[in-house]
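I opened this notebook to record what I looked up, entry by entry, with the conventions written down beside the values.

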Amino acid sequence: MDQETKTNPAPMKKRRNITKTDVQQFLLRGRAFIALILVFVVFTSLTPQFLTTGNIVIMSKHVAINALLAIGMTFVILTGGIDLSVGSIVGMVAMIAGGLINEGINLPQLGIIIYPHTWMIVLLSLALGTLMGAISGFVITRFNVAPFIATLGMLYVARGIAGLRNNGYTFPNLIGRPEYGNTGFEILGAGNFLGVNYSIWLMGILTLVAYIVTTRLPFGRHVYAIGGNERAAELSGVRIARSKIIVYSISGFCSALVGLIIASQLVAAHPATGESFELNAIAAVVLGGTSLAGGRGSMGGTLIGAFVIGVLGDGLVMMGVSSFWQKVIKGAVIVLAVIIDQVQARMQERIALQEQQEMK
Amino acid sequence: MPDPTSVPGLETAAVENIILTAENITKIFPGTVALEDVSFSVRQGKVNVLIGENGAGKSTLMKILAGVERPTHGRILLDGREIQLHSPLDANRFGIGIIYQELNLCANLSVVDNIFLAREKTRSGLIAHKPQREQARELINRLEQKIDPDQLLGDLRLGEQQIVEIAKALAQDVRILIMDEPTSALSAAEVEVLFRIIRELKSRGVAIIYISHKLEELLQIGDYITILRDGRKVAEAEAKDINVPWLIEKMVGRNPANLFTRKEHQLGNVLLKVENMTMPRAGGGYLLDHVSFELREGEILGFYGLMGAGRSDLVDCLAGARPQATGRIQLNGQPVTVTTISERIESGFVLVPEDRQRYGLVQTLSVMDNMLLASLKKYLKGIFLARKEEKAATDQQIKELSVRVANPLQPITALSGGNQQKVVVGKGLLTHPKVLLLDEPTRGIDVGAKSEIFEIMNRLAAQKYGVIFVSSELKEVLAMSDRILVMSKGAITGEFSHQEATEEKLVAASAVGHGPSNGGNHHGSGN
């Protein structure tokens, strides 16, 4: 290092020319964003009605559902875990909320039925989803069960409860009754603020909050550390079990929120709501550059990933591509994203080695 | 002491017997240069010994010869022709076998299955169990052991597993056999058997590459000695020409006593009192056997012992990493009742763990994030982390510990081993500990970084920290410690002040309970 600084002055070294590696790095790092722009450009040129305000609003609403799940999923995956139960919790929370609106809480011993206010139903549902996540986290940390298995179990349990709640039937017409004071549930799905649907606002707000949590709070740093090297984090005093339970709780909370939004948008709750949503969420996270091994990734990436998947899906539909081809294309894109991820990781390692050589 | 770095005449002697040559091998890992331009020749029908301190690069060189790692630069010649080793299977095809230091066996498989793993004997595609079992029994008999080939490997004790590992290598009919510390888990009788096998292999023309830390043993079994230090070859000699002191000087380079000077400092009150720290071992016996000791303010307390003597278990217990341990701990006269790692850190214990890569660092994070990981709470403004304070704390530690880093936001993997270690130490210091638990803090780092770490220890002792210094390096323990406790089989078997401690006394105390042949004559005044 000494020699380097003697032969060329320091500023020269800082302002070195942009090399091929720099360009490659830039392209690789911004790949999700580049992919998004690419998808937009392609669909805009192929279908004229693609880039209209109306269509963008509709697409954003679709994206919001997946993005909200993907935000929770990002926390989980950053710790090196996985949450397969999110889709089922969506369905279960939708059914529970629907049941509370249409049937209330029946207490036959007392001969009364309690109809909670809509806002109470929303809070109860969110608490329920969070609790389901916390249970997964508890099972994972307390009994040392692999996250894949623990949340796979939760996937079945929650889906089962969703069916049990009304014997597999839908709760229709979730508008409540003015005399019970439980009206207004549909506003969550249909309401707008400044002309933008609530679900899109929620997506924006949650992404921002999640971004701040991951970058500015000790908890966020702990999440990254656990994913990077759990044992080292533990020896540094990070409370592993607590952090993991919180992470799965966040994922459960996000799932519950999505369950409410979907039930509200449809003004009905169906027990199969949210089936296979977990896979879309994982795809968005991975596409956004978060490593499934944990420790690397960002909320911004996840948001972009969710947009790529959503826009890709809607665009293909608008072009009239068959749903079977849509699946093939989606699958290929996801695997391609991970391949690029690996290429970048190898490249970064090489650059780290070079830096180390230069420092010598 | 003879001064030339290589014995003249050696290069020309017995050149025709060279079977394998590693030429100008360089290997760079993220964080360290493990080997730098090392050449190493292996002679047929001889025991080619490779020695050096921990981190000198021996194991890396072996892994390259065994096809596990690929060199960054350099080539490998077999019978004068360059060969490419992409995998252990390749090495095998060329007749190179290896017995690893960490046992590479599957605990869930039987002894036979382990011996023939990936080289199963088959009959029309199916595993031929009977011939395998018979050959396994033959091999075990040759090693004069009574091990049932059908037993699960996980049910064997460590020494027996080592024998299986040796049998596995013998089953392969190799021309070159690499043995990476094969005797570390063997009893004296088992070592005798191993040596007999080695002589037998030699007579059949097999080239042995032998790595060990036990210097007397090396001179007994070895023919040619190559010495590595800090990733470079420093000397070569024939075993008959040299002695143990010469080996030590070459290995260490300089006299470590001059390199690592302990500063006299005033000891304060009793800071830490540990009573009856006990931890049972799974399957009987103790990992920690009623360990009691005291540590004073400003004292550097060295812990010496062999591998598995319980030193690391002890510091792990103090750090709260082993919840199953029992015993009483008092800090500044107050009993320490909290048990979790985070609570122990708050009460003033901090561990710099033995294995930097596995336990010390989060490889995906930057230098700064690693440095602050244990003390994040101290840089909060409201609920948010305050960048300015984070940066200030990092910069200060980087300066105080003279960590060589261009930018604290660099990935931690871009640093050299010594600088990574300083970051781990800095992380510990930022928690404002009272007792610093250093577990092999100098392992795998170069001599310059070592002396800097010792410098830091001296400074901490002067600032009234209590420092517990676990090390397997005799010279370092002797040079740095105010007092030395020696452990063997989970118990303290010797206690020596700086003045009375000698290498012989420490070694003798560390062997207590390890069989009659090497049980020490001088027991330490253990109390």
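This is a predicted model: local features need pLDDT of at least 70, side-chain atom pairs count only at pLDDT 80 or more; totals for chains, interfaces and linings use all residues.

I began with Asp37(B), which I located in strand β2 of chain B, residues 32–43; strands here are DSSP runs of E with at least two residues, helices are runs of H or I with at least four, and both are numbered from the N terminus. The phi angle of Asp37(B) is near 55 degrees, a positive value in a residue other than glycine.

Residues are numbered from 1 along each chain as its sequence is written, chains are lettered from A and ligands numbered from 1 in the order in which they are written, and side-chain values use heavy atoms, with hydrogens and water left out.

Next I turned to Glu440(B), whose phi is near 50 degrees and is likewise a positive value in a residue other than glycine. Glu440(B) sits in the loop of chain B between β21 (435–439) and α16 (447–462), and with a relative accessibility of 3% Glu440(B) counts as buried.

For the domains of chain B I used bounds from an automatic or database domain assignment, which gives domain 1 as 1–95 + 174–253, domain 2 as 107–173, domain 3 as 254–348 + 433–527 and domain 4 as 362–427. The centres of domain 1 and domain 2 of chain B, taken over C-alpha atoms, are separated by 27 Å. Across this pair, 17 residues of domain 1 of chain B are in contact with 15 residues of domain 2 of chain B, contact meaning heavy atoms within 4.5 Å. The two domains of chain B bury about 1400 Å² between them, 55% of it on carbon and sulfur atoms; buried area is the accessible area (1.4 Å probe) that two parts lose on being put together, summed over both. On the side of domain 1 of chain B, Val174(B), Glu190(B) and Ile197(B) supply 33% of the area buried against domain 2 of chain B, more than any other three residues.

Last, I looked at chain A, whose secondary structure comes to 16 helices and 4 strands. Of its 360 residues, 46% count as buried.

Key. Buried means under 20% relative accessible area, exposed over 50%, partly exposed in between (1.4 Å probe, protein chains only).
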